[in-house]
Amino acid sequence: MTMYNSFFKLQASPFGTSPDPRFLYMMPHTREALACLEYGISARKGFTVLTGEVGTGKTTLLRRALSSFNGRRVSTAFVFNPRLDALDFLEFVLTDFGIVPQTRTKSGMLLQLNRWLIERFRMEETCVVVVDEAQNLSWDLLEEIRLLTNLETSSEKLLQIVLSGQPELEEKLRHPSVRQLRQRVALWCRTQSLSESQTHAYVGERLRIAGATRPLFSLDALDLVHRYSRGIPRIINLLCEHALIVAYVEQIEQVSAAMVEGVAQELELETQPFLISAAAMGGSSRGVIDEPHNLRNPFDAETTGRRDR
């Protein structure tokens, strides 16, 4: 619980940084991406790819998709560090599945994984490997992951693989050296930044889920949240969290535009004038274009070292 929850009569923290599936706001593109992930996993399609800009909610979406299988037999290995060699990767996957590696040779671990997957398949269980930050996978490890889809019966893939990453992942998968992997991708899912109206709705929904019974942000404040965040959910959360703290410290019951302005200046955010909706871009999943090179994103991995959520 944050310091301001009791002041604003909230039961939970509405703008936490952890990818909490409870706070996933269902917009049309979110529903489409979620349905895509759930279908890819449940229908045993083998490879599914999820891409989106930094901070657009890929990890939250993944966790929501996986949590939707509660009550059904699904085992998941979540690889959050893609900078592994093949042996470390296989060992991590086995361990996350709850399998104790009997040997640390590639052939030994693959045989052990294959036997385990066949056993789970007979029990009608679905097994999923999710690789986060997949744009950082080495070419060699991408090939090793592709070969994992060879673990199959005559009619079904034994292992479902979800690669999640920034738009650079799509570019990487276009490279001729991984064309065999690209040909095996059954489904492509994408997250995107939010329009102004979606930003208003996103903030309102998170506050509602947290227990708010009245508007805690003025309309002008929400307009500024959108301008400074460029519709990126993670930055929206950061701005709103800090703005609520300021309002709490000043004992003011509604966040004003001036508070958001002050927080944005402290975080060294700049407004982005080139925001175009997906519809205006002919259905493109990238909501932000012509981004100035001098725009400082406080969530850039090179700036903060934090991994994408």
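What follows is a quick chat about its bonds, charges and strands.

Q: What kind of model is this, and what pLDDT do local features need?
A: This is a predicted model: local features need pLDDT of at least 70, side-chain atom pairs count only at pLDDT 80 or more, and totals for chains, interfaces and linings use all residues. Residues are numbered from 1 along each chain as its sequence is written, and side-chain values use heavy atoms, with hydrogens and water left out.

Q: OK, cysteines. How many disulfides does the count come to?
A: One disulfide. The rule is a pair of cysteine sulfur atoms within 2.5 Å.

Q: Which residues does it join?
A: Cys-36 and Cys-189, with 2.3 Å from S to S. Cys-36 sits in helix 2 (residues 28–42) and Cys-189 in strand 5 (residues 185–190), so the bond ties together parts that are 153 residues apart in sequence. Helices (H or I, at least four residues) and strands (E, at least two) are DSSP runs, numbered from the N terminus.

Q: What's the handedness of that disulfide?
A: Left-handed, because the torsion about the S-S bond of Cys-36 and Cys-189 is about -75 degrees.

Q: Is Cys-36 buried or exposed?
A: Buried, at 12% relative accessibility. Cys-189 is buried too, at 2%. Here buried means under 20% relative accessible area, exposed means over 50%, and partly exposed is in between (1.4 Å probe, protein chains only).

Q: And Cys-127 and Cys-240, what are their accessibilities?
A: Cys-127 has 1% relative accessibility and counts as buried. Cys-240 has 0% and counts as buried as well.

Q: Switching to charges. How many salt bridges does a search of the whole structure find?
A: It finds 12 salt bridges. The test is a side-chain nitrogen of Lys or Arg within 4 Å of a carboxyl oxygen of Asp or Glu.

Q: Why would such side chains pair at all?
A: Side chains of opposite charge can pair when their charged atoms come close.

Q: What does Asp-20 form a salt bridge with?
A: Arg-22, with the closest N and O atoms 2.8 Å apart. Asp-20 is partly exposed at 23% relative accessibility. Arg-22 is exposed at 54%.

Q: Which Glu does Lys-157 meet in a salt bridge?
A: Glu-152, at 2.9 Å from N to O. Both ends are partly exposed: Lys-157 has a relative accessible area of 22%, and Glu-152 has 40%.

Q: How far apart are the closest N and O atoms of Arg-73 and Glu-125?
A: They are 4.0 Å apart, and the pair forms a salt bridge. Arg-73 lies in the loop between helix 3 (58–67) and strand 2 (74–79), and Glu-125 in the loop between helix 5 (106–122) and strand 3, so the pair ties together parts that are 52 residues apart in sequence.

Q: Is Glu-125 buried or exposed?
A: Buried, at 9% relative accessibility. Arg-73 is partly exposed, at 48%.

Q: Which residues are linked with them in a network?
A: Glu-119 and Arg-120 are linked with Arg-73 and Glu-125 in a network of salt bridges.

Q: Now strand 3. How many of its residues are buried?
A: Six of its six, so it is mostly covered by the under-20% cut-off.

Q: Which residues sit on each side?
A: Thr-126, Val-128 and Val-130 are on one side, and Cys-127, Val-129 and Val-131 on the other; all are buried. In a regular strand the side chains alternate between the two faces of the sheet.

Q: Which strands does strand 3 pair with?
A: Strand 2, in the parallel sense over six bridges. Strand 3 and strand 4 (residues 160–165) also pair in the parallel sense, over four bridges. Pairing requires that DSSP finds at least two bridges between two strands.

Q: What stands opposite Val-131?
A: Val-79 stands opposite Val-131 on the strand 2 pairing. Leu-163 in strand 4 stands opposite Val-131 as well.

Q: What unit do strand 3, helix 6 and strand 4 make?
A: A right-handed β-α-β unit. Right-handed means that, with the strands pointing away from the viewer, the path from the first strand over the helix to the second runs clockwise.

Q: Last one, backbone. What is the phi of Glu-133?
A: About 55 degrees, a positive value although Glu-133 is not a glycine. Glu-133 lies in the loop between strand 3 (126–131) and helix 6 (139–148). At 8% relative accessibility, Glu-133 is buried.
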